[in-house]
Amino acid sequence: MSADDLNPAATPTPCEDTQGDGRWMSMHNRFVSDSKDKEPEVLFVGDSLVQLMHQFGIWRQLFSPLHALNFGVGGDATQHVLWRLSNGELDNISPKVVVLWVGTNNHGHTAEQICEGIMAIVQVIKNKLPQARTLVLGILPRGKSPNRLRERNAKVFLRPVSNP
């Protein structure tokens, strides 16, 4: 990919409303509203892996006492999280820690593109929440047998990147 090419995984893009019910934008608007009303110490951001965390007892036991917010959306790829965070979800909060877990839904993107998308998200977090620590979780393997998605996900954080 040349320097002139836009990386689709690092270009803020709202999620296409393929269901026709406006669910994704509704969730984004709820997160923006939550960020105005709450004062989280920890913010979780990402895809369905983050979204589903609040359904488990460990969330209630460990993270609820920290006034944690969960801004996970099923199906989100890096470009969707990048759009959400660039469009209001971080504007009214000041958590101590942001936990980012995204990248597994970047179908059709290379490991390098996904890594650059994650780094773009980290840069937005740093710009909007300079006092917060950011914890980036690795992408889990996909499938139980060796396959191209499993191999690609394993390479995402092996790419050399510059520190933003």
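Q: What counts as a pocket, and how is its volume taken?
A: On a 1 Å grid over the protein atoms alone, a pocket is an open set of points with protein on both sides within 12 Å along at least five of seven lines, whereas a cavity is a set of points where a 1.4 Å probe fits but cannot get out. Grid points are joined across faces, edges and corners, and the volume is the space filled by probe spheres set on the points. The largest pocket here holds about 240 Å³ of space. The model is predicted: local features need pLDDT of at least 70, side-chain atom pairs count only at pLDDT 80 or more, and totals for chains, interfaces and linings use all residues. Residues are numbered from 1 along each chain as its sequence is written, and side-chain values use heavy atoms, with hydrogens and water left out.

Q: Which residues line the largest pocket closest to its centre?
A: A lining residue has an atom within 4 Å of a point. There are 13 of them, and Cys15, Gln19, Arg23, Trp24 and Gly74 are the closest to the centre. Helix H1 (residues 23-37) gives the most to this lining, with three residues. Helices (H or I, at least four residues) and strands (E, at least two) are DSSP runs, numbered from the N terminus.

Q: What is the make-up of the lining of the largest pocket by class?
A: The lining has four nonpolar, five polar and four charged residues. Ala, Val, Leu, Ile, Met, Phe, Trp, Tyr, Cys and Pro count as nonpolar, Asp, Glu, Lys and Arg as charged, and the others, Gly among them, as polar.

Q: Why is the pair of Phe31 and Phe71 called stacked?
A: Five aromatic pairs are found in the whole structure. Rings of Phe, Tyr and Trp (its six-membered ring) pair if their centres lie within 6.5 Å; planes under 30 degrees apart count as stacked, over 60 as edge-to-face and the rest as tilted. The ring centres of Phe31 and Phe71 are 4.5 Å apart and their planes are at 20°, so the pair is stacked. Phe31 is in helix H1 and Phe71 in strand S2 (residues 69-72), 40 residues apart, and the pair links distant parts of the chain. Both Phe31 and Phe71 are buried. Elsewhere, Phe44, Trp59 and Phe63 form one aromatic cluster.

Q: How do you know that the span of helix H5 agrees with its number of residues?
A: The expected span is 1.5 Å times one less than the number of residues. Helix H5 (residues 111-128) has 18 residues and should span 26 Å; its end C-alpha atoms are 26 Å apart, which agrees. Its buried residues include Ile114, Ile118, Ala120 and Ile121. Among the elements that cover them are helix H4 (78-89) and strand S3 (97-101).

Q: What makes Ala9 buried or exposed?
A: Buried means under 20% relative accessible area, exposed over 50%, and partly exposed in between (1.4 Å probe, protein chains only). Ala9 has a relative accessible area of 0%, so Ala9 is buried. Ala9 is found in the segment before H1. Contact means heavy atoms within 4.5 Å. Leaving aside neighbours within four places in sequence, Ala9 is in contact with residues including Gln113, Ile114 and Gly117. The C-alpha atoms of Ala9 and Ile118 are separated by 8.3 Å, at 109 residues apart along the chain.

Q: Which class does Asp91 fall into, and why?
A: Asp91 is at 46% relative accessibility, so Asp91 counts as partly exposed. Asp91 lies in the loop between H4 and S3.
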